Amino acid sequence: MKQFPRLFLMMLMAALFAPCLPAMADELPAPVTKLDLQDGDTLVFLGDSITHQCLYTQYVEDYFYTRYPKLHIKFHNAGVGGAKALDALARFDRDVAAYKPKYVTVLLGMNDGRYVPYNEEIFQTYRKDMQEVVQRIRDAGATPILMTPTMFDSRAVRLNPKRLEATPAERLELYNSVLAYYGTWLREIAVKNGDGFVDMWSPLNNLTLQQRDTDPNFTMIPDAVHPGPAGQLVMAYAILSDMNAKKGVSNINININPKGKAKAKAAGGEVANLEFADDTLSFEWTANSLPWVLPSDAEVAVKLLKLGHRMSREALAVHGLPPGKYELSIDGEVVGSYRSQGLARHIELQANDKTPQYQQALNVAMLNKKRNEGPVRSLRGEWSKFQQLDRQQRALKADPDNEKLAKLVAGIEAKVAGMEERVVAHEKAAQEIEEQIFAANVPPTRKYVLKRVK
């Protein structure tokens, strides 16, 4: 009984002070950790010249085209060379919101930092404009996926005497750390608001340093700013990894008992008409997806990242085969020969360019490369002219009596005239290739034959 007043007092204090306590963890928004794209959804890539390169965006598209062939997922590249967050706001309605995206990835900051050591006024401008970009994305009904600025590779400049001479020493020493700071701030915004977050800066820096242990001149960013295909694939992998994308493609596990009866267990597709006779195993395989195959210019990063095993594993294991060497054919084409011991451990086929599924996936990648290098790049060119016009119009508004500037604006306006019609034409051309992709990416049923040859 003596404890009652103390207990009562504690309960009373808790009730009185509860409104003053900070929000509990379960009241904070959960971060977005997955791109949950369904049939008909659209993913927009908003950014600057690094997005305008149409490479990391293309590689992410390739992943979804091959991993989810039954879903017609749409993609739109909204990158423009030289863009800052303010530039993205100027074209947001037509270049982002008009596509009714479910998610918008945001890669800005490289230009916002202005290639100078940290400057508080510059950062606050970037901070204000980026917060508005994020809010505009939410107002459009989409989820922001905030991505850190990429790496500034000062060594790439130091390896080029002419560029080194023309580059301020402070930029070489300090700008990469400025980008790291901008990215750290973005992470806090994403955590606070429950947005998605992708760390682009760390994997590019870490992998570069790792490779320089054996090759001091290694770089994935030859001009210090714009990643080449290898660096862009690292970026694509960062998006898929940080967003917890599905990794394996398939796993076929077949057991043959002492009486010669074969039984299959599979993930990622269906096995049918399984037979084993005369040291020959045969079955039909209908896969749910294809391996993530990329154009050859990204091959360096494919190997560095061990991308096939990590993101496209196509495993086949056969237990109980009589000892010997076996030849594997798919749809009548020999794709390799393997010892029975190796088959019992499992083999992986995702990087075997002789398999029909690899060739099918490569065809999808090449169609998408054609789409990006053709109508998508042409579309981005239109928005580059728009950005130039918008900047000069703002300058003229601040200096209305500047005749030279007025003449410049008039010239750009002439180039931009009729832009909407051209944008629609480029969109249509991109969609036509997209339809070819949707017709080419569905895996057919394939016939596997594993025959003993020795």
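This is a predicted model: local features need pLDDT of at least 70, side-chain atom pairs count only at pLDDT 80 or more; totals for chains, interfaces and linings use all residues.

Trainee: Which residues meet where α3 contacts α11?

Mentor: From α3 you have Y56, Y59, V60, Y63 and F64, and from α11 there are P229, Q232, L233, M235, A236, I239 and L240. Sorted by class, that contact has 11 nonpolar residues, one polar and no charged.

Trainee: What makes residues three or four places apart point the same way?

Mentor: An α-helix has 3.6 residues a turn, so residues spaced like that point the same way.

Trainee: Next pair. What is the handedness of the crossing of α6 and α9?

Mentor: Right-handed. The axes of helix α6 (residues 120-139) and helix α9 (residues 169-193) come within 12 Å and cross at roughly 35 degrees. On the α6 side, I122, F123, Y126, R127, M130, Q131 and R138 take part, meeting Y181, Y182, W185, L186, I189 and N193 of α9. Those residues divide into nine nonpolar, two polar and two charged.

Trainee: How do you know that the reach of α15 is close to the expected one?

Mentor: Helix α15 (residues 356-398) has 43 residues, and from first C-alpha to last it reaches 61 Å, where 63 Å is expected at 1.5 Å a residue. Still, α15 has a kink of about 35 degrees, centred on V376.

Trainee: What makes α15 roughly antiparallel to α16?

Mentor: α15 and helix α16 (residues 403-416) pack at about 155 degrees, with axes 9 Å apart. Angles over 145 count as roughly antiparallel, so α15 gets that label against α16. α15 passes α16 in a left-handed crossing. The contact takes in K385, F386, Q388, L389, Q392, Q393, A395 and L396 of α15, together with L405, A406, L408, V409, I412, E413, K415 and V416 of α16.

Trainee: And how many residues of each class are in the contact of α15 with α16?

Mentor: There are 10 nonpolar, three polar and three charged residues.

Key: Residues are numbered from 1 along each chain as its sequence is written. Side-chain values use heavy atoms; hydrogens and water are left out. Contact means heavy atoms within 4.5 Å. Helices (H or I, at least four residues) and strands (E, at least two) are DSSP runs, numbered from the N terminus. Ala, Val, Leu, Ile, Met, Phe, Trp, Tyr, Cys and Pro count as nonpolar, Asp, Glu, Lys and Arg as charged, and the others, Gly among them, as polar. The expected span of a helix is 1.5 Å times one less than its number of residues. The bend at a residue is the angle between axes fitted to the seven residues ending there and the seven starting there. Axes are lines fitted to C-alpha atoms, for helices over the stretch in contact, and angles run from 0 to 180 degrees between N-to-C directions. A crossing is left-handed if the near helix is turned anticlockwise from the far one by less than a right angle, and right-handed if clockwise. Angles under 35 degrees count as roughly parallel, over 145 as roughly antiparallel, 65 to 115 as roughly perpendicular and the rest as oblique.
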